[in-house]
Amino acid sequence: MNPKQKVQLYFQKYQQAFNHPIIKEFFKNEKNKQLLEAVISNPTTENTCLLDVLFKSFYQRARIVKYVSTLIHFYSIEYDKKARKRQSRYQLIMDNPNMPESNYQSAYNHDFQSPYSSLPDQIENQILYRSLKKLSEKQLRILELIYIYNFTNKEVANYFNESAQNISSLHKKALKKLKSTLLSQ
């Protein structure tokens, strides 16, 4: 049997294996195909090892490319979900006459300009977001002033024209309510 017939017989015998996408792609390279034909017609350990090493490196690269492309795919889906969530929460309303404005004029001169409308809008965790939505408007504003703007209880008390003790009490009640809501979920 001549080498050409050996190669044809080999391809017929293992036709199902050669239809596998990774093997098909590997043998699209003419050098790899010629090396396989050389291994079939003249099966030396050198030829066999060379073909084996080439296929292993090709397969490793294919796996890496598949892994990276899968990562890109799923990260882009996750990014789109976050972007849609952010967009639905932070809708731009430029000419709304009902936009709340701060009346707080203080010697502390804190800037209340925030890209977010409230504390819950800055939270991405859905459970925490729902828990914050259950707090009263005043409790939310106290938490926002303390944790976002780094106000002291006294500064928050000046903002609301109340005593620092009352603000401290409201702050503790808000945290307790938040904790109980989070633990119940």
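Ring pairs join Tyr10, Tyr14, Phe18, Phe26, Phe27, Phe55, Phe58 and Tyr59 into a cluster, where rings of Phe, Tyr and Trp (its six-membered ring) pair if their centres lie within 6.5 Å, with planes under 30 degrees apart counted as stacked, over 60 as edge-to-face and the rest as tilted. The model is predicted, and local features need pLDDT of at least 70, side-chain atom pairs count only at pLDDT 80 or more, while totals for chains, interfaces and linings use all residues. Residues are numbered from 1 along each chain as its sequence is written, and side-chain values use heavy atoms, with hydrogens and water left out.

By this rule the count comes to eight aromatic pairs. In one of them, the rings of Tyr10 and Tyr14 have centres 4.8 Å apart and planes at 50°, so the pair is tilted. Tyr10 is partly exposed at 31% relative accessibility, as is Tyr14 at 36% (buried means under 20% relative accessible area, exposed over 50%, partly exposed in between, with a 1.4 Å probe and protein chains only). Phe18 and Phe27 form a tilted pair, 5.5 Å centre to centre with 55° between the planes; Phe18 is buried at 17%, and Phe27 is buried at 17%.

Turning to the helices (DSSP runs of H or I, at least four residues, numbered from the N terminus), the axes of α4 (residues 30-41) and α5 (residues 45-89) come within 9 Å and cross at roughly 145°, the axes being lines fitted to C-alpha atoms over the stretch in contact and the angles running from 0 to 180 degrees between N-to-C directions. The contact (heavy atoms within 4.5 Å) involves residues including Leu35 and Leu36 of α4 and Leu50 and Leu51 of α5.

Technical notes:
Helix = DSSP H or I, 4+ residues; strand = E, 2+ residues; numbered from the N terminus.
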